Amino acid sequence: MLKLGILGGTFDPPHIGHCVLAEFAQSALALDRVLFVPAGTPPHKNGTRTNVEHRLTMLEIALANEATWAISRVDVDRPGPHYSVDMLRILATDHPDVELYFIMGGDSFRDLPTWSRSNELIMLCKLAVMERPGAIITLDMHEAVIPNLAKRSIFIDAPLIGVSSTDIARWQTDGRPIRRLLPPGVAEYIKQHGLYT
């Protein structure tokens, strides 16, 4: 059975933390492919800083040299709001013979009980969880509210990357250097289109 990693996010902009997360999950779990799923209308955020076409183009640039990484438009091509459980259900239907691994940072794992239908979500996939700075997590921390979560979760050993899209957008606005925090070509695209200024 093929193994498919799913990495969701606004990718506004995509940065090295996203790439490290995908790469270490792929290596640790022997994933055949990783799908990056840009959010259309994220229910937990007040929109995005840039429109979806800019976000998709930046993601295409970021993944250009990765043969086993691809973009899924499952969320951007359907009406919102977009919940991860709905996205995973669609992908499970589209890929019935594939084992799904939902890749997330420790901060998302910590907040999982606040997600829509988290009990359903963990039955559609396994969770590949990486620590994030400031997120104190354990496999059994939500067992009382999300039974079987520990059995459906795998902690991945990876470097702690303390950078976020919000930080990068703020630093770009402030005129600070961001190029080394982004995959090759993304900083040039941001500059060319005057994003985050």
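Residues are numbered from 1 along each chain as its sequence is written. Because the model is predicted, local features need pLDDT of at least 70 and side-chain atom pairs count only at pLDDT 80 or more, while totals for chains, interfaces and linings use all residues; side-chain values use heavy atoms, with hydrogens and water left out.

The structure contains four aromatic pairs, where rings of Phe, Tyr and Trp (its six-membered ring) pair if their centres lie within 6.5 Å. Planes under 30 degrees apart count as stacked, over 60 as edge-to-face and the rest as tilted. Helices (H or I, at least four residues) and strands (E, at least two) are DSSP runs, numbered from the N terminus. Phe 11 is buried at 1% relative accessibility, and Phe 36 is buried at 1%; buried means under 20% relative accessible area, exposed over 50% and partly exposed in between (1.4 Å probe, protein chains only).

Turning to another pair, Phe 102 and Trp 115 are edge-to-face, because their ring centres are 6.1 Å apart and their planes stand at 85°. Here too distant parts of the chain are linked, 13 residues apart: Phe 102 belongs to strand E4 (residues 98-105), and Trp 115 to the loop between helix H4 (106-110) and helix H5 (118-124). Phe 102 is buried, with a relative accessible area of 4%, whereas Trp 115 is partly exposed at 23%.

Finally, ring pairs join Phe 11, Phe 36 and Trp 69 into a cluster.
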